[in-house]
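Here's a quick walk through the model, for anyone who wants to know what sits where before setting anything up.

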Amino acid sequence: MARAAVLGRLSWRVAGLAAVRDETPTARTLVLAVPGWPGHLPGQHVDVRLTAADGYSAQRSYSIASAGGRNGPEPSLELTVQRLADGEVSPYLTQVLSVGDPLELRGPIGGWFVWEPADDQPVLLVAGGSGIVPLMAMIRARAAAGRRQPFRLIYSVRDPGTALYAAELAEQEKAGDGLTVSYIYTRAAPAGSGLPTGRPGTRRCSCAGPPGSSRRPRIC
Amino acid sequence: MSNHLDGNMLAGVLGELFAVDVTTAVGRCASCGTSAVIAQAHVYPGGPGLVARCPVCAEVVLRLVRGPDRAWLDLRGVTCLQLAVPPA
């Protein structure tokens, strides 16, 4: 059943880069201060716009990684950007944009791929590479709200070095609040683990959902 | 497999044109008849505009070109869009 959101016209606003955090050698989290940010649901994204001096502009969509909150006096949100070797925008965001610089963005956007903290059903989350970002917002929101319904995450990555948020996921899993995390390595498994490598197929994922799972697994 | 994004990324550009979130609307593909949420379409952003394809048959369902002061939206690939409209 389609859900509706009546939108006011979304305008571009200027955020300021407050801090950066390198998640892997090729992925960086941008902590942005966004005056007037109305808040967002986990799973939503923003459109980011870069404009060159000659007027050329490029837009990309980035999922919001944070559950929502404040950074000092301003509302803040976090984006985790994976640098693509042939990218037009990601190399700038991950290597050039510096603390204090402005960044144009618009949002929050997207009503389909969200998880509402009031939802108490167990959920299966399936992530491939940087697709973990919106799912991490859901995991963080669930933790912040003190929820305990089972969240089962299957995270497919090329090798252990490319996994985002590995330490935070391990910590949350250890806390025993109902989050379980399974990794699928498509190119190289951790040394000595004996784990098979290869793309996730339906067989590896089919038994995965926690009992009573929501009918909509979040796949990204 | 070609590199495509999902229909969620249309939410911002379509949000400039529609009063409701079209990515949660259900569209019926004019080619194969599959009904799917627009957020599930496969979007190819290269070229002069955005092209969204049916996730089942890969035919084009939507084209959008954005200029400085106008937009061209081609929805001939969708026979019908079912939108949830909140009560007034």
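Chain A has 4 helices and 11 strands. Keep in mind that this is a predicted model; the predictor gives the complex an ipTM of 0.86 and a pTM of 0.89. For chain B, the average pLDDT is 91, and 98% of the residues score at least 70.

**Chain A as a whole**

- Out of 220 residues in chain A, 36% count as buried.
- If you take the contacts in chain A with a separation of 6 or more, 71% of them come from residues 24 or more positions apart.

- Where they touch, domain 1 of chain A puts in 13 residues and domain 2 of chain A puts in 13 residues.
- On the domain 1 side of that contact, β1 (13–24) and β6 (74–82) of chain A each supply at least two residues.
- By class, the residues on that domain 1 side are 5 nonpolar, 7 polar and 1 charged.

**The largest nonpolar core**

- The largest nonpolar core has 67 residues, and those with the most contacts inside it are A:L125, A:I132, A:L135, A:M136, A:L153, B:L10 and B:A52.
- Helix α2 (residues 132–144) of chain A gives the most to this core, with 8 residues.
- Zooming in on A:L153, its contacts beyond four places in sequence are A:L125, A:A127, A:L135, A:L179, A:T180 and A:V181.
- As general background, nonpolar side chains in soluble globular proteins tend to be buried together.

**Strand pairing around β3 of chain A**

- β3(A) pairs with strand β4 (residues 57–63) of chain A in the antiparallel sense, over 7 bridges.
- Two bridge partners to look up in that pairing: A:V46 goes with A:Y62, and A:R49 goes with A:Q59.
- β3(A) and β4(A) make a hairpin with 5 residues between them, and A:G55 in the turn has a positive phi of about 95°.
- β3(A) also pairs with β7(A), again in the antiparallel sense, over 4 bridges.
- In β7(A), the residue opposite A:H45 is A:I109.

**Where chain A meets chain B**

- How many residues of each chain are in contact across the interface? The answer is 16 residues of chain A with 19 residues of chain B.
- On the chain A side, the elements giving two or more residues are β3 (45–51) and β7 (102–109).
- That side of chain A has 9 nonpolar, 4 polar and 3 charged residues.

**The sheet in chain B**

- In chain B, 5 strands form an open antiparallel sheet, in the order β1-β4-β5-β6-β7.
- At the edges stand β1 (5–6) and β7 (71–74) of chain B; each has a single partner strand, so one side of each is left without a neighbour in the sheet.
- Strand β6 (residues 60–66) of chain B is joined to β7(B) by 4 bridges, and the two run antiparallel.
- Within β7(B), B:L73 is the residue opposite B:L64.
- In general, strands of a sheet pair through backbone hydrogen bonds, either parallel or antiparallel.

**A loop residue in chain B: B:T34**

- You'll find B:T34 in the loop between β2 (26–29) and β3 (35–37) of chain B.
- Is B:T34 buried or partly exposed? B:T34 has 15 other C-beta atoms within 10 Å, so it counts as partly exposed.
- Leaving aside neighbours within four places in sequence, B:T34 is in contact with B:C29, B:C54, B:V56 and B:C57.
- From B:T34 to B:A71 there are 37 residues in sequence and 27 Å in space, C-alpha to C-alpha.

Key: Residues numbered from 1 in each chain as written. Chains lettered and ligands numbered in written order. Predicted model: local features only at pLDDT ≥ 70, side-chain atom pairs only at ≥ 80, totals over all residues. Contact = placed C-beta atoms within 7 Å. Nonpolar A, V, L, I, M, F, W, Y, C, P; charged D, E, K, R; others polar. Pairing = 2+ DSSP bridges. Buried ≥ 20, exposed ≤ 12 C-beta atoms within 10 Å, placed from the backbone. pLDDT = per-residue confidence, 0-100. Core = buried A, V, L, I, M, F, W, Y, C linked by C-beta atoms within 7 Å.
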